[in-house]
Amino acid sequence: RMRPESEADAAWVAAVCARLGVPVTQGRASRVPRNEAEARELRYAFLERAADASGADRIVTAHHADDQVETLLFRILRGGPPEGWTGIPEVRGRIVRPFLPFSRAELRAYAETRGLPFREDPSNCDLARARNRIRHRLVPAIAEFGGADALRASAARLARAAERARRAWSARCAEIERVLAPAREPDRIAVAADRWAAYHADMDEATRAQLVRRWARALGSPVGRGAVGAACAFLRAGRSGRAVSLGDGLVLRRDADRWVLERTVAPGADVPAVILGPGSGVAEATIAGRRVRVCWRTAAGPAADGEAFRIDALAFPVVVRGRRPGDVLARAAGHRTLRRWFIDRRVPASERSRIPVVADARGVLWVPGFERAARAEPAPGRPALVLAVEPAG
């Protein structure tokens, strides 16, 4: 549902399956995905349901060697930790990817030789997407130094090395946890302060960072580089009664006799404010435990009492919510993920999950108090939705 061609794609797939005598199961997203990350989640959730319904013990996807290269470059450019360089795994649970050893060109040549029909996804050429810029601009430039085959081979070697490192880190962290014996609850992990102090001197910064990431993932909230750095600094010098927020409702605090990492806001506990269409109204949203008041009205063009958006350029509903993974702010100067955008503006990690975001079905429109997207600009005499977002109570 992200592209107008998606229904035609579904019909084409059904026709191919009918010619081949292959059963086909189709589904439709319950909502238009806001970004690629959300679309990916919806796709895999559908595949898992379809596999369960059909009794399948394998889900086979068509990821190939060029996908692996692009994924690794994307993660490296984002500055993620080395364990993220493992790339796309050949096997994850019941998901298997038998095409990973083969390039896009090899698969296409095979299809053409055998007379197999295929269909191009036009979004693959959209250079507004970072992944496509990597595919069409960065990969060809890098390949000039040694060839595309060498680049794919290097990516595969890096992924294998990163996987070995990931397993080594995992084993090391498991060994440390056996000594620290953390107390685990669904929303809390606690470590005795004296045990941590006895072991702390033997841990380097990288090991402490790995433990923070491991424990944050266990609580259902993977943390970024800034939050990990804040946690490690606090673990070195934090005093009893103090705490540091790591974002997304995750807090690290020091009690008298223990360190506690806990979730103070459950995942998905945010309550968004939803504007279904033009008109006027007032609503409240809860974002990482903070309440905000949302007022809106319809006006002719720009307004002084709020941010205005041209109604005919909006894809309702318009929602005031918290930041989500993959959110992008499309400005005239270029696209930027909100994560990187907040980092560039030195917004503390503890505050990022509490800042409201205004979005419609096409993506982010406005970060109140900061900046708006370049689209849906108001025009004199054209109907506009005027929004005001402020702290409640």
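**Notebook: strand pairing and helix packing**

I began with strand 4 (residues 183–185) and strand 5 (residues 188–192), which run antiparallel and are joined by three bridges. I took strands as DSSP runs of E of at least two residues and helices as runs of H or I of at least four, numbered from the N terminus; strands pair if DSSP finds at least two bridges between them. The model is predicted: local features need pLDDT of at least 70, side-chain atom pairs count only at pLDDT 80 or more, and totals for chains, interfaces and linings use all residues. Residues are numbered from 1 along each chain as its sequence is written, and side-chain values use heavy atoms, without hydrogens and water.

I found that a hairpin of two residues links strand 4 to strand 5. R184 has I189 in strand 5 as its bridge partner, and I189 also stands opposite L261 in strand 8. Strand 5 pairs with strand 8 (residues 258–263) over five bridges, again antiparallel.

Next I looked up helix packing. The axes of helix 6 (residues 148–180) and helix 8 (residues 205–218) come within 10 Å and cross at roughly 85°. Axes are lines fitted to C-alpha atoms over the stretch in contact, with angles from 0 to 180 degrees between N-to-C directions. Helix 6 is therefore roughly perpendicular to helix 8 (65 to 115 degrees; under 35 is roughly parallel, over 145 roughly antiparallel, the rest oblique). Among the residues that meet, I noted W169 and L180 in helix 6, and L211 and W215 in helix 8 (contact means heavy atoms within 4.5 Å).

I also noted that helix 3 (residues 65–78) packs against helix 5 (residues 130–143) at about 100°, with axes 10 Å apart.
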